[in-house]
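Please look over the model shown here.

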Amino acid sequence: KSGQHSLEAVADHTTQIIVTCLPHSTMPKSNIDQARDLLIGDGKTPLKLEYFPIEGLAEQVRIALAVADVPFDDIRIGYDEWGEKKSTTRHGQLPEMTLPNGVVVTESMAMLRLAGEADPEGKLYPSDLAARVKVEGILGLVEDMARAWRPSLFVFHRPELLGHPSSDKWENDIKVATVKKVRSNFVDKGLPRFMEYFTNYIKESGYKYLAGEDLTIADIAAYQQISYFKKGVADYVPKVCLDPFMEVNEWMERVISHPKIASYKASKAK
Amino acid sequence: MSASNIDQARKLLIGDGITPLKLEYFAIEGVAEQVRIALAVAEVPFDDVRIGFSDWAVKKPTTKYGQLPEMILPNGDVITESMAMLRLAGEADPEGKLYPSDMATRVKVEGVLGLVGDLSRAWRPALYIGMRPEAFGYPTSAEWDKEVKDATIKKVREAFLSNELPRYMGCFTDLLKESGGKFLLGDDLTIADIAAYQQILYFKKGIADYVPKECMDPFKEINDWMERVISIPKIAAYKAKAK
């Protein structure tokens with residue numbers, strides 16, 4: 001085998017000292033190195049991220065890649081192209097991420113974690129497991145909140161999935177009243193409950209980020225979901241619905257002012 | 001060099017071995033069973049604490065986020081979210097196979113976990129329309145005409161069986177064929193198999209009205225894979241003990 005070897009003493013907690021002699025090429029790579037190898041490769045073929053021309057589930061991934069200094073082709077698939085594109089995807093869904101080595105990664109949360117692992121500062125998705133399990137707890141909470149919101153989303157866009165008539169068949173007065181009732185219930189009860197939980201995380205962290213002093217992928221995922229409610233794009237979910245939650249609003253400001261996030265958002269500004 | 005994932009995870013979950021890990025959930029499989037199985041495979045002992053539904057009202061305000069499961073580590077830290085627990089248990093596998101630290105493999109595990117989440121999300125309205133109809137824009141169970149309620153549940157569940165179930169079983173079958181191995185990602189069981197197994201098993205139980213046990217019969221590769229999962233010695237032993 002080629003020249004270089006290093007003598008590595010590895011202490012095994014429970015029993016003995018194991019002395020191994022390993023060539024450099026077989027030393028286990030850090031998470032950061034592994035993730036950057038996968039996402040950047042030799043730097044010749046860029047990473048590709050394909051999604052619709054909206055923020056949706058991909059924006060958290062785009063932000064994480066920006067914070068981790070991983071360049072990527074931000075490909076937007078028009079809705080008119082989706083019919084043809086869909087059958088070429090692995091599971092009939094977007095986003096899809098194509099690594100420089102050709103491997104296709106599916107599922108936005110898998111992509112978010114991989115991007116997090118690639119953070120050169122090792123902070124977005126810490127390899128310390130005690131810190132990581134906290135990040136995972138917050139990611140789970142974000143998904144719980146998305147789940148609580150989902151019927152409100154579907155009752156308007158895909159009512160037939162909830163057993164209601166499809167939009168073209170559902171009498172408009174009844175549809176409007178139902179949408180109003182479901183969404184008002186979320187705004188009045190569900191949203192404050194989750195905002196309380198996120199506020200607890202913010203307080204625990206000393207009013208920094210959700211998991212502690214540093215931005216993590218939990219902040220990015222939570223930011224995207226929560227900021228949606230402030231946009232006023234959903235009927236009966238007024239922009240002001242988050243006004244009562246001071247700590248959450250301050251945290252959102254903190255996230256969006258993070259230099260790499262601010263710069264990413266500025267570069268995308270239309 | 002920092003401690004390996006396995007060492008870190010086992011230290012968190014086992015500590016000095018004096019205070020046992022506690023996992024608290026309801027007396028059902030639900031979202032905790034995948035965690036129980038993963039802990040069994042990773043050989044992490046734990047107190048499998050079951051909270052009766054009648055005790056929940058008193059217990060709920062003592063939980064961090066009004067939800068179960070909760071996992072209490074030997075050092076007193078409380079972990080929430082079953083998927084966070086599943087990943088931590090996976091990290092603790094002494095063989096390093098349940099949740100491999102090789103990033104290329106791990107991203108595949110995460111891809112399958114995401115797919116399981118998609119399936120669970122697709123099933124959710126069908127499941128909860130019966131239990132919490134008002135969340136979906138219907139009258140409460142007390143107010144909803146029983147025949148109309150029943151017909152709606154039937155409609156939504158049959159639509160799931162016709163459209164979503166075959167679509168997802170197709171995705172999982174493709175994964176099995178691609179993996180060329182016994183499990184979803186290859187020859188070794190991962191937490192993706194455990195999560196998928198528990199979700200898919202639910203549909204075979206025949207416990208939801210209009211979702212007969214036979215609905216899974218057409219999916220041979222899936223059924224064979226499920227047999228392989230449940231026959232893993234540590235899983236079989238856990239299931240036998242848990243009865």
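Is Glu178(B) buried or exposed? Glu178(B) counts as exposed, because its relative accessibility is 53% and the cut-off for exposed is over 50%. Keep in mind that this is a predicted model.

**Between the chains**

Glu178(B) has a partner in the other chain. Arg90(A) forms a salt bridge with Glu178(B), and the closest N and O atoms are 2.6 Å apart. Arg90(A) is partly exposed, with a relative accessible area of 33%. Four salt bridges are counted between chain A and chain B. At this interface, 43 residues of chain A are in contact with 46 residues of chain B. The area buried between chain A and chain B is about 3700 Å², and carbon and sulfur atoms give 57% of it.

**Salt bridges**

Over all chains, the count comes to 38 salt bridges.

| Pair | N to O distance |
|---|---|
| Arg90(A) and Glu178(B) | 2.6 Å |
| Lys29(A) and Asp37(A) | 2.7 Å |
| Arg62(A) and Glu59(A) | 2.8 Å |

Lys29(A) counts as partly exposed at 49% relative accessibility. Asp37(A) counts as partly exposed at 38%. In contrast, Arg62(A) and Glu59(A) are both buried. Arg62(A) and Glu59(A) lie three residues apart in helix α2 (residues 59–67) of chain A, about one turn of the helix. Both belong to a network of salt bridges whose members also include Glu55(A), Asp74(A), Arg76(A) and Lys231(A).

**The sheet in chain A**

Which strands form the open sheet, and in what order? Four strands of chain A do, in the order β4-β3-β5-β6, and the pairing is mixed. β4 (72–76) and β6 (104–106) of chain A stand at the edges with a single partner strand each, so one side of each has no neighbour in the sheet. From one strand to the next, the twist averages 20 degrees.

β3(A) pairs with β4(A) in the parallel sense, over five bridges. Here Glu50(A) stands opposite Ile75(A) in β4(A). β3(A) is mostly covered, with four of its five residues buried. Strand β5 (residues 96–98) of chain A runs antiparallel to β6(A), and three bridges join them. Here Glu96(A) stands opposite Thr106(A) in β6(A).

Helix α4 (residues 108–117) of chain A lies across β3 (47–51), β5 and β6 of chain A. The angle between this helix and β6(A) is about 115 degrees.

**The loop between β5 and β6**

Pro100(A) is found in the loop between β5 and β6 of chain A. Pro100(A) is buried, with a relative accessible area of 18%. Leaving aside neighbours within four places in sequence, Pro100(A) is in contact with several residues, among them Leu38(A), Ile40(A), Thr45(A) and Leu47(A). The C-alpha atoms of Pro100(A) and Lys231(A) are separated by 35 Å.

**Helix α8 in chain A**

Does the length of helix α8 agree or disagree with what its residues should span? At 1.5 Å a residue, the 12 residues of helix α8 (residues 246–257) of chain A should span 16 Å. The end C-alpha atoms are 17 Å apart, which agrees. The buried residues of α8(A) include Val248(A), Trp251(A), Met252(A) and Val255(A). The buried residues of α8(A) pack against α6 (172–204), α7 (217–229) and α9 (259–268) of chain A.

Methods
Residues are numbered from 1 along each chain as its sequence is written. Chains are lettered from A and ligands numbered from 1 in the order in which they are written. This is a predicted model: local features need pLDDT of at least 70, side-chain atom pairs count only at pLDDT 80 or more; totals for chains, interfaces and linings use all residues. Side-chain values use heavy atoms; hydrogens and water are left out. Two strands pair if DSSP finds at least two bridges between them. Helices (H or I, at least four residues) and strands (E, at least two) are DSSP runs, numbered from the N terminus. Axes are lines fitted to C-alpha atoms, for helices over the stretch in contact, and angles run from 0 to 180 degrees between N-to-C directions. Contact means heavy atoms within 4.5 Å. The expected span of a helix is 1.5 Å times one less than its number of residues. Buried means under 20% relative accessible area, exposed over 50%, partly exposed in between (1.4 Å probe, protein chains only). Buried area is the accessible area (1.4 Å probe) that two parts lose on being put together, summed over both. A salt bridge is a side-chain nitrogen of Lys or Arg within 4 Å of a carboxyl oxygen of Asp or Glu.
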